[in-house]
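Please provide a briefing on the structure shown below for a reader who is new to it.

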Amino acid sequence: MDKLLIRGGRSLQGEVRISGAKNAALPELCAALLTAEPVTLTNVPRLQDVATMLTLIRNMGVRADRTEDGTVQINAADLSSPEAPYELVKTMRASVLALGPLLARFGEATVSLPGGCAIGSRPVDQHIKGLQAMGAEIVVEHGYMIAKLPKGWKRLKGAHITTDMVTVTGTENFLMAASLAEGETVLENAAQEPEITDLAEMLIKMGAQIEGHGTSRIRIQGVAKLSGCSHQVVADRIETGTFLCAVAATGGDVILRHGRADHLDAVIDKLRDAGVQITPMADGIRVYSAGPAHHYLKAQSFRTTEYPGFPTDMQAQFMALNCIAQGSSMVTETIFENRFMHVNEMVRLGAHIQIDGKVAVVEGIAKLSGATVMATDLRASASLVIAGLVAEGETMVDRIYHLDRGYDQMEAKLRGIGADIERIKA
């Protein structure tokens, strides 16, 4: 397995291009299954999860060609097998996003129960309940969700769906399925993430009739057919936030090209409170930090919650910053029960962190010292990279295949702005 070797202590200067969002690209690849016409997606990140999704849809008989510039062309006209097998689904939870489009367009779908995540349970029961409300007959057998329309039905029927919890992938599945359903669907308690809005905008380009995306109540008027389209994947707000935290921790002056400040209000507010200068630009964000962090940054307490609150996907990266800031802080994780797995590895670097249930208490210290650490999940990997960038000496981050699931060439981007970091091939 590849590793990252980091020699800490360098400030970051220059410009980074933020890639397209993984959490928008994955549902949008599935949305291409809704039509027999060609779909072109641009700004698609080069990530392991994207490669897995492309393999999954190709396995169904879909043509999917990608180029080096991040363009993916998809044609699902000859889709022959509306099935997502365990061998592919087991590595990536987002595979469940194939369920709604396949059922809506073909009247049937067989999708393995997903795997691919260590940070906590993400039940698919909300997906099943919502699609059943639209008339689908779904059974779970031998680890598979087997869905079909009732006998004599040609399309799903619009419904009023209120989920028990805010679910991003559930909202996305319902959005896609309802676009081809008969009649009106209303989604209550819908997720509000920018990636949801981006998916809705793509579906509208395909001919869908959607209102209210970006709010907790979305209305969809189903249409009989969707067309092809061309769509640019929105910039990745979590990659943007990760680089904001990296520059804040190390010190430096960096422009994050294509970064969207309006998608990161909660994180940017905390960074500014800590003492970081962040300036939105016409096509990006400038971040300035006098650094090193322990000289002037003030630790910030925060609580993760659904968008537009502080994102759970930024908790570990901000905790790395708190470890070297002045003062103590409390980090409360409300979304995933296992999202403090990076803490033990940060302690190996010298961090002072105590965990009590859903709360981590962080005592800021003047310095971290390099060590060998192990990544346990995607965002934990990023937090260990940030910690390594400020630690004295060498830090080796093992099991970075987690990082490759969600960050497009992270080490190359960091090297481009002055970090001493290299990939050690297995």
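A residue is called buried when its relative accessible area is under 20%, exposed when it is over 50%, and partly exposed in between, using a 1.4 Å probe and protein chains only. By that rule, 58% of the 426 residues in the protein chain are buried. This is a predicted model, in which local features need pLDDT of at least 70 and side-chain atom pairs count only at pLDDT 80 or more, while totals for chains, interfaces and linings use all residues. Residues are numbered from 1 along each chain as its sequence is written, and side-chain values use heavy atoms, with hydrogens and water left out.

**Overall architecture**

- The protein chain contains 14 helices and 24 strands; helices (H or I, at least four residues) and strands (E, at least two) are DSSP runs numbered from the N terminus.
- The radius of gyration is 22 Å, which agrees with the value near 22 Å for a compact globule of 426 residues; the radius is taken over C-alpha atoms, and the globule rule is 2.2 Å times the number of residues to the power 0.38.
- Along the principal axes, the C-alpha atoms fill a box of roughly 70 × 45 × 40 Å.
- Of the contacts (heavy atoms within 4.5 Å) between residues at least 6 apart in sequence, 74% join residues at least 24 apart.

**Annotated binding sites**

- An unreviewed UniProt entry lists K22 and N23 under "binding site"; UniProt positions are given in the numbering used here, feature names are shortened, and annotations may be inferred rather than shown by experiment.
- K22 belongs to helix α1 (residues 22-31) and is buried, because its relative accessible area is 8%.
- Beyond its neighbours within four places in sequence, N23 is in contact with E172, E195 and D313; N23 also lies in helix α1 and is partly exposed, at 31% relative accessibility.
- The unreviewed entry also lists R93, R122, P123, V124, D125, Q126, D313 and I335 under "binding site".
- R93 sits in the loop between α3 (86-89) and α4 (99-106) and counts as buried, at 18% relative accessibility.

**Helix α5 and Q126**

- Q126 is part of helix α5 (residues 125-133) and is buried because its relative accessibility is 4%.
- Residues up to four places away in sequence aside, Q126 touches T163, D164, M165, T167 and F174.
- The buried residues of α5 are Q126, H127, I128, G130 and L131, and they pack against α4, β8 (137-141), β9 (144-148), β10 (160-162) and α6.
- Just after α5, G135 has a positive phi of about 105 degrees.

**Cavity and pocket**

- On a 1 Å grid over the protein atoms alone, a cavity is a set of points where a 1.4 Å probe fits but cannot get out, and a pocket is an open set with protein on both sides within 12 Å along at least five of seven lines; lining residues have an atom within 4 Å of a point.
- Grid points are joined across faces, edges and corners, and a volume is the space filled by probe spheres set on the points.
- The whole structure holds 1 cavity of 30 Å³ or more, and the volume of the largest cavity is about 40 Å³.
- The largest cavity is lined by I161, T163, T167, T171, F174, L187, E188, N189 and A190, with α6 (168-179) and β11 (184-188) as the elements that give two or more residues.
- The second largest pocket has a volume of about 260 Å³; among its 16 lining residues, Q232, A235, H258, R260 and D283 are the closest to its centre.
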